[in-house]
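Below are a few numbered notes to read beside the model.

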Amino acid sequence: MQPEFAEFAEKWKDHPVGFVGKVDCTTKSGKILCDEHGIRGYPSLMWGDPAHLKSFNGEHTPAEYEKFAEAHLTEPMCNAANVDLCDAETKAKIEAFFAMDDAELDALIKVEEDKVVAIEKQYSDSVAQLQARYTKLLGEKDDRVKQVRQRGLATLRSVRAYKEKELFKDEL
């Protein structure tokens, strides 16, 4: 995908509205950005207002990128810089945020970021619990299979194989 994407990005380099770029999620600053937008797999194509990116779910081909970009990246979008393009509810939210002083805005951002951190922690804790449960179940399964084998499964199979071999000899 790299050459096709680079060619696609080059076509959009000087566009007055749309922007196409890439982020390396393995670098320190890239990881922060990728974590912020929930990017978990690569390649991931995102679009929209930088503060509210959405995932591109189309086919990963140059033709589909171009078609999608022409449909979605050529017109300005609703955001703090283009409030007049927003619906009434979003416009009211943006105006209320603009009315806040910096300390209020920073405090509200912190509250919302703390919610995200709490959600991520809850998720991580749940995954750790699932991993512990999986490990326990796997150990129990392995122990039970070992017990069955120790009670004579190998011997039973050996007897069955011997009997089949003897039966085959008799038929010759």
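1. Leaving aside neighbours within four places in sequence, Phe56 is in contact (heavy atoms within 4.5 Å) with Leu45, Trp47, Tyr65 and Phe68. A word on the basis of these notes: this is a predicted model, in which local features need pLDDT of at least 70 and side-chain atom pairs count only at pLDDT 80 or more, while totals for chains, interfaces and linings use all residues. Residues are numbered from 1 along each chain as its sequence is written, and side-chain values use heavy atoms, with hydrogens and water left out.

2. Now to the largest pocket, which holds about 1100 Å³ of space. On a 1 Å grid over the protein atoms alone, a pocket is an open set of points where a 1.4 Å probe fits, with protein on both sides within 12 Å along at least five of seven lines; lining residues have an atom within 4 Å of a point. The volume is the space filled by probe spheres set on the points, which are joined across faces, edges and corners.

3. Which residues lie nearest the centre of this pocket? They are Phe19, Val20, Gly21, Met46 and Trp47, out of 39 lining residues. α1 (2-11), α2 (28-36), β1 (46-47) and α3 (62-72) each supply at least two residues of the lining, and α3 gives the most, with 4.

4. Two exposed positions are worth a look. Lys28, placed in helix α2, counts as exposed because its relative accessible area is 74%. Its C-alpha atom is separated by 26 Å from that of Gly18, 10 residues away along the chain. Thr26, in the loop between α1 and α2, is exposed too, at 70% relative accessibility.

5. Finally, the domain assignment gives domain 1 (3-99) and domain 2 (102-171). Their centres, taken over C-alpha atoms, are separated by 39 Å; the bounds come from an automatic or database domain assignment.

Key. Buried < 20%, exposed > 50% of the residue type's maximum accessible area, 1.4 Å probe, protein only.
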